[in-house]
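Try each task before reading its solution.

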Amino acid sequence: MTDTTVQLPQPSVRPAHADASAASARLDFEVVPLKGLPIVAVILTGLVVAIAANKLWPLVFLHVAFGAAWTIVDLFMGFVIGPMMGKLPPPARIQVATRLMPKMLLIMPTVVTVTLAAGWQLGTVMGTVDSSYYNHGWVVASYIVVGFMAVIALGLLSPANVAVLMELKKPKPNPQVIQSLMKRFIFAAGFTGTLQIAILVIMTRIRVG
Amino acid sequence: MNERTLPPVTQLGMASLALIVAGGIYLASYLPRQVPLTPAIILLGASALLLVVNLLLLGRVGNFAWGRFVAVGKWALLAYTITAGLIEFAFLRDGMSGAPLLVLTLSIIVYAVHVPVLIAFTVARYD
């Protein structure tokens with residue numbers, strides 16, 4: 001990964017305009033964007049309907065579309081946004097974080113849940129999760145890689161995401177806490193981004209046989 | 001930065017989740033054949049034990065922001081209960097039953113409790 005070291009200055013040496021900028025940003029965001037919740041509800045309802053219907057096309061659509069989104073977001077966060085964030089001045093970094101992180105809080109769990117649930121059901125319909133499937137070794141390899149990604153995402157990414165937002169909401173956010181959590185978030189995103197490359201290799205291998 | 005000495009909640013939580021995932025992969029990799037459930041039960045038991053240890057260690061921390069922990073944890077618990085429900089629905093839809101379903105359901109419960117604990121802990125530790 002590129003340099004993700006975030007050099008936030010101590011509050012005492014920050015220029016006044018930076019503090020003012022940070023304070024206005026704090027007041028101007030929701031930790032959970034409420035407008036996004038109905039969209040999430042619609043998507044999850046669509047997932048339940050697709051699983052209940054057990055038809056090939058809806059399952060393929062959900063697995064491929066959301067799986068592609070998951071891969072792209074992970075790669076983009078890990079290798080483009082992450083290194084870029086590390087080079088931004090602190091006030092700009094806070095502005096980006098207050099706009100980006102609440103959206104990530106809704107996007108990532110939704111994308112991951114839909115990809116995995118639709119993928120499992122699709123595998124059941126197509127017989128690819130059956131241990132007698134001729135490419136079963138590659139399928140099990142995908143379970144293992146996704147397992148690593150799940151542990152990193154659930155244990156590091158999600159908690160860091162929520163904690164950064166809660167810290168930014170405080171009257172006096174601690175720059176060192178934000179620096180530490182953002183570093184953790186970007187490192188985890190980069191790691192899962194790297195694992196996404198393995199997933200691309202595995203899925204294309206399964207597809208061509 | 002908060003320099004309090006806190007138990008390794010994140011590390012234990014990730015180890016617990018890794019055990020759950022390993023059990024799930026073990027069961028899934030043999031489908032639809034019947035497999036000995038003992039390894040999956042051992043992994044589940046170890047994972048649940050780590051959850052209990054984590055909660056006990058956390059409960060012994062003095063001067064912890066429990067208000068913040070509960071405020072964040074309850075919403076995270078709601079969110080992860082919904083995702084856990086979706087996973088369980090997929091298992092039931094596929095006709096899973098008996099002991100494998102029980103093992104997977106208990107695994108999902110550990111997941112749905114432990115992830116909110118990790119989120120709430122990460123927020124509350126800096127309060």
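**Two helices of chain B**

α3(B) and α4(B) are roughly antiparallel to each other (an angle over 145 degrees). This is a predicted model: local features need pLDDT of at least 70, side-chain atom pairs count only at pLDDT 80 or more, and totals for chains, interfaces and linings use all residues. Residues are numbered from 1 along each chain as its sequence is written, while chains are lettered from A and ligands numbered from 1 in the order in which they are written.

**Exercise 1.** Describe how α3(B) and α4(B) pack.

*Solution.* Start with the axes, which are lines fitted to C-alpha atoms over the stretch in contact, with angles from 0 to 180 degrees between N-to-C directions. They come within 8 Å and cross at roughly 155°. Next, sort the residues of this contact: 21 are nonpolar, 3 polar and 2 charged.

**Exercise 2.** Work out what chain B brings to its contact with chain A.

*Solution.* First count residues in contact (C-beta atoms, placed from the backbone, within 7 Å): chain B gives 29 and chain A gives 33. Then look for the helices (DSSP runs of H or I, at least four residues, numbered from the N terminus). On the chain B side, α1 (9-29), α3 (66-93) and α4 (98-124) each supply at least two residues. The largest share, 9 residues, belongs to α1(B). Finally, by class, this side of chain B has 21 nonpolar, 5 polar and 3 charged residues.

**Exercise 3.** Find the contacts of Val164(A), leaving aside neighbours within four places in sequence.

*Solution.* Val164(A) is in contact with Ala97(A), Met101(A), Ile178(A), Leu181(A), Met182(A) and Phe185(A).

Note on methods: Contact = placed C-beta atoms within 7 Å. Nonpolar A, V, L, I, M, F, W, Y, C, P; charged D, E, K, R; others polar. Parallel < 35°, antiparallel > 145°, perpendicular 65-115°, else oblique.
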